[in-house]
Amino acid sequence: MMSPAGRTPSPAAPARRAAAAIARPWHRSRSPWLSRVAAPALAPITTLCALVGLTLMVFLPSTAHADGSAGPVRIVVATAGLTWEDVSAEQTPALQCLADHAGLGAMNTTSTTRVSTQDQGLETLRTGYRGLAETAPRSAGIPNPPTDQWAPIPGGVEQIDATAAVPVDRLRSALAGDGLVLVDIGALPVAGTADRADALQALDERVDQVLGAAGGCDNATLARTVLLSVAATGPSADTAAQTITSVPSRTAGLQVAMDTAFPGQTLVSGSTKQDGLVILTDVLPTILDSHDAEASGPIPGQAIQGAPSSDPQQQVIDRTLAARLVDPATPLALGSWLLLGAVGAVLVLVPALARRPRALRFGRALLVMAPLAQPVGLVAQVVPWWRTEHPALALTAWVWAGSAVLSAAVLLGPWRRSRFGPAGASAAIVAGIVLLESATGSHLQVASPLGAQPISGGRYYGLSNHLFGLVLGAVLMGLLCLFSAVASRRARVLITLAAGIIVAGVCVAPSMGADFGSMLVTLPTFGLLALLLSNRRVTPWQIASLGAAAVAVVLAVSVLDWLRPPQQRTHLGRFIDDLLGGELTTVVTRKLAQNLSMPLDFPVLIPVLVAAVVLSAAMLMPRRLRLRRLAALEAAHPVARPVLIALVAGAWLGYAVNDTGPVLVGAVLVVWLLWLPAILPAPSVSPNAKAAPTSADAEAARGGH
């Protein structure tokens with residue numbers, strides 16, 4: 001078909017028209033080349049750079065780990081309640097001997113109950129899924145009836161009950177074959193009980209008998225042996241019910257894992273990507289891979305490998321101690337510093353105090369200082385605070401020292417002369433530290449305040465939802481403060497797009513954030529902000545296009561991740577496995593159920609969500625709600641309005657698409673409740689008065705660039 005001019009339109013014509021439409025608000029620019037040359041090329045160039053960057057990040061070289069080349073796993077020794085704090089040459093010589101000749105890992109054994117049981121752990125070894133399929137809730141996603149994935153193992157599987165005594169002759173006979181031998185040596189009582197020391201000694205003696213029947217722990221010909229503490233308690237859900245309800249969940253610490261295929265190394269898997277940390281669900285793929293067998297369907301774990309370590313036992317003890325001590329130490333460490341923000345809020349928001357210039361300045365300073373404790377706590381692994389006599393005080397000292405240094409940078413920099421400067425610097429530091437920590441492997445956040453908690457079985461790397469909430473809130477606050485000094489509409493849009501690309505790259509790259517949900521939020525949020533800043537009329541079609549683009553990008557990166565070897569895949573690549581295995585409905589249903597049930601399981605989130613609704617309404621309707629100072633902020637700085645709209649939209653979109661959405665909304669709420677009062681004008685400003693806008697906003701209001 002010919003065009004009206006008699007020429008066949010170029011295939012690129014629709015793209016050029018779309019780019020020209022984006023550039024239309026800039027048609028009065030003093031630089032005509034922008035609308036004629038640069039603007040049409042902006043969209044494809046930006047897209048190309050983003051895809052190239054993401055591809056490079058996907059294929060960044062991974063840390064080299066040894067593979068399991070020591071032959072098939074022949075012996076699995078299973079116990080429960082054994083942590084690395086129990087293992088020593090004096091108390092447990094047999095366990096220590098095995099530890100000296102094996103790879104070591106601190107293992108997460110979380111299950112479908114508050115504290116895992118040995119029966120759950122033994123079933124997990126065979127099925128690859130956490131917990132008992134019979135009693136697990138449907139939202140757990142555990143196939144029922146369970147599938148015994150050990151069936152394809154050549155030579156079969158023999159299970160030996162050694163809870164009271166080790167049948168040495170039967171064990172030797174079983175080892176004469178080619179199959180797998182599972183030896184159940186019983187469980188330890190809960191930590192703190194009177195008979196635990198005797199039980200630990202008896203368990204060590206049974207380990208010695210098992211290893212002796214196999215040739216001895218220091219024998220070079222010892223068949224590949226894996227010793228695992230498969231749960232925090234034992235032996236079954238019925239007999240452990242009283243223990244489960246009476247013992248705090250934090251006592252269910254990381255358990256012992258040893259594998260003689262990796263002597264002198266720590267254990268690691270693709271599930272954690274953290275040396276010295278593995279998950280119980282990683283054991284099944286490890287066993288199957290060692291026998292060249294395949295699971296009959298998708299399983300959640302990834303094979304265990306070895307990682308070099310100068311002192312593997314000290315490393316796993318550090319993992320265990322930090323994971324156990326971080327929860328009780330966090331309230332004092334973070335809460336004591338965050339109290340500064342509460343004091344600052346009183347000084348800034350109470351009119352009688354805020355009218356006093358010194359009190360107002362001091363309150364604003366406290367408000368911008370308070371959020372800095374969060375990134376400092378996130379990287380608390382910089383110092384071994386858990387080794388001290390008083391770990392809670394040591395962690396608190398680290399948080400206060402680090403926050404004080406960052407506060408000096410925020411309050412003493414050249415930006416201090418602007419009301420927006422300290423808040424913008426604080427937001428930039430928070431976002432920068434969180435993104436940088438994630439981009440470099442997430443090694444400092446494990447078992448740190450606000451970081452990945454190995455005991456709870458959540459993420460071990462990348463951006464969890466609460467961290468993404470911090471990043472989203474911090475970046476948008478940083479942009480709001482920066483735009484108070486940037487007059488050009490074009491510059492504001494380009495800065496927004498650049499910030500969005502950086503956040504999206506770190507969030508979705510498998511070698512960095514590896515977070516599916518954050519990409520579904522980042523592109524629509526920053527795309528919406530860019531549209532609002534360009535003074536374009538935002539249509540539902542544009543919003544839908546942004547959402548579709550986010551889905552397309554995250555699926556593309558997930559496929560690239562899926563193309564990598566299984567041991568290098570992240571959550572993104574495993575999502576493609578679920579998709580190909582027909583598990584999409586199960587995954588979506590499970591995540592939706594978790595999102596909806598969180599406020600019921602954690603009632604403290606209910607007031608958080610209520611406060612988030614109130615704050616969202618306040619941001620969107622300050623004049624109608626007679627919030628004079630917030631209305632005055634928008635009057636003096638019109639750019640605040642688009643940022644607030646984007647923030648509210650992004651926060652609630654994050655709530656909708658993530659399995660722990662309430663946590664994401666809560667993280668955004670916390671930081672904005674601190675930063676937003678810090679940039680409000682003094683209470684003497686009236687929304688009815690003609691506030692004098694800055695030169696930047698005055699020029700923007702006139703259509704300047």
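Student: Why does Glu-85 count as partly exposed?

Tutor: Glu-85 has 36% relative accessibility. Buried means under 20% relative accessible area, exposed over 50%, and partly exposed in between (1.4 Å probe, protein chains only). The value of 36% therefore makes Glu-85 partly exposed. This is a predicted model, in which local features need pLDDT of at least 70 and side-chain atom pairs count only at pLDDT 80 or more, while totals for chains, interfaces and linings use all residues. Residues are numbered from 1 along each chain as its sequence is written, and side-chain values use heavy atoms, with hydrogens and water left out.

Student: What makes the pair of Arg-324 and Glu-85 a salt bridge?

Tutor: The closest N and O atoms of Arg-324 and Glu-85 are 2.9 Å apart. A salt bridge is a side-chain nitrogen of Lys or Arg within 4 Å of a carboxyl oxygen of Asp or Glu, so the pair qualifies. The two residues lie 239 residues apart, Arg-324 in helix α9 (residues 312-349) and Glu-85 in the loop between β1 (75-80) and α3 (93-100). Helices (H or I, at least four residues) and strands (E, at least two) are DSSP runs, numbered from the N terminus. Arg-324, at 30% relative accessibility, is also partly exposed.

Student: How do you know that Arg-641 and Glu-634 form a salt bridge, and why is Glu-634 called buried?

Tutor: The N to O distance between the side chains of Arg-641 and Glu-634 is 3.6 Å, so the pair meets the cut-off. Glu-634 has a relative accessible area of 13% and is therefore buried, whereas Arg-641, at 30%, is partly exposed. The whole structure has seven salt bridges. Another of them joins Asp-148 to Arg-126, with the closest N and O atoms 3.0 Å apart.

Student: Why is Val-181 called buried, and which residues does Val-181 touch?

Tutor: Val-181 has a relative accessible area of 1%, so it is buried. Val-181 is placed in strand β4 (residues 180-187). Beyond four places in sequence, its contacts (heavy atoms within 4.5 Å) include Arg-74, Ile-75, Glu-158 and Leu-171. The C-alpha atoms of Val-181 and Val-157 are separated by 5.8 Å, although these residues are 24 apart along the chain.

Student: What makes a space a cavity, and which residues line the largest cavity?

Tutor: On a 1 Å grid over the protein atoms alone, a cavity is a set of points where a 1.4 Å probe fits but cannot get out; lining residues have an atom within 4 Å of a point. Grid points are joined across faces, edges and corners, and a volume is the space filled by probe spheres set on the points. The structure holds three cavities of 30 Å³ or more, and the largest has a volume of about 100 Å³. Among its lining residues are Ala-612, Ser-616, Trp-652 and Trp-672. The elements that give two or more residues to this lining are α21 (605-620), α23 (640-657) and α24 (661-679).

Student: How many nonpolar, polar and charged residues has the lining of the largest cavity?

Tutor: That lining has eleven nonpolar, one polar and no charged residues. Ala, Val, Leu, Ile, Met, Phe, Trp, Tyr, Cys and Pro count as nonpolar, Asp, Glu, Lys and Arg as charged, and the others, Gly among them, as polar.

Student: Where does pLDDT stay under 50?

Tutor: pLDDT, the predictor's confidence in each residue from 0 to 100, stays under 50 over residues 1-64 and over residues 237-250. The chain averages 82.

Technical notes. 1 Å grid on protein atoms, 1.4 Å probe; cavity = no way out; pocket = protein on both sides within 12 Å on 5 of 7 lines; lining within 4 Å.
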